[in-house]
Amino acid sequence: MSDRRVWLPVAVVAAVGLVVGLVVGVLVVGHTDLVSTGAAKEGASEPSVGVGAIQQYPLRASTGWDFELPVHNPTNDPLQADLLSFAGYVTPFKADRTSRLEPHAWGMIRFSATPSCDVAPLTSVSSVRLRISGTGGRSEVTRALPDSGRALVEHDAAVCGVGSPVHPGDLAGVWLVERAYGPDMYLAGSYLMRFTRDGSFEADADGRLFSGDPAVRSTYRIRDELLEITTRNSSGCGSGTLATWRASYDAAGRLVMVYVNGDCPEGDQGDVWVARRVLHDEGLPRGD
């Protein structure tokens, strides 16, 4: 009888322990699953956005933005994107306010950067850092730039690069503006400029350079690194207006003209024309 009294409490305790163990086991298993899911959600909170190559913004003249960064949203939900920084890029820049990225679509972040030239221009920009916001929260992501920021690098090199000096005799001939930064970027690929040895300057974007009636007739002179162009007759600038450019040749022999100041055209600091020589002065029709 006494043995039964001892056995019964032991059996009860064992049964209670078994039930408690089962309950604790269920709770632990459930808790472990919640931790794993939570970790998965945290890891998935960084959107797998992609970026394209930096490009010049084609509507710069009307909007004031110089460049655009393509950003791709591969998710099923809209996202918001902000441009934070470029790797190694210390020049201050300003970016458009938050850009909306539609699901499974490309969007654009517009920005501008005017280098101060206090530091040597970078030869590459490896990556960009973005802030991405969506229904899953907010995160900062870094993405490699597919062409090492070529458009931005070339712009800064044109504005701040130190090239070879320009002399009137070397300058004589016809030049095609093949790259333009600033409000006159539409001139790239069509604007022809002719410098003569006697100081005449003519320019036209509509194929009338040798017609006897080009859009621009001017005179020019070079003082140290400055190229001063004084308008005599122009479809856009009045007679006697002056534009001053900092001129040099880059390593490829292209003429780089950085706008300094003037009456017309009314450029901004950082406006740049990069021109390639297409004809030497010998044998050309006589200028006006």
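1. Let's start with Arg110: its relative accessible area is 25%, so it is partly exposed. (Buried means under 20% relative accessible area, exposed over 50%, and partly exposed in between, using a 1.4 Å probe and protein chains only.) Arg110 makes a salt bridge with Asp96, with the closest N and O atoms 2.5 Å apart. (A salt bridge here is a side-chain nitrogen of Lys or Arg within 4 Å of a carboxyl oxygen of Asp or Glu.)

2. A quick word on the source: this is a predicted model, where local features need pLDDT of at least 70, side-chain atom pairs count only at pLDDT 80 or more, and totals for chains, interfaces and linings use all residues. Residues are numbered from 1 along each chain as its sequence is written, and side-chain values use heavy atoms, leaving out hydrogens and water.

3. Back to salt bridges: the structure holds 14. One of them joins Asp66 and Arg60 at 2.9 Å, N to O, and both of these residues are buried. Glu178, Asp250, Arg254 and Arg276 are linked in a network.

4. Now have a look at strand E12, residues 200-204, where five of the five residues are buried. (Strands, E, are DSSP runs of at least two residues, and helices, H or I, of at least four, numbered from the N terminus.) Ser200, Glu202 and Asp204 point one way, while Phe201 and Ala203 point the other way.

5. What joins E12 to strand E11? Four bridges do, and the two strands run antiparallel. (Strands pair if DSSP finds at least two bridges between them.) Met193 has Ala203 as its bridge partner.
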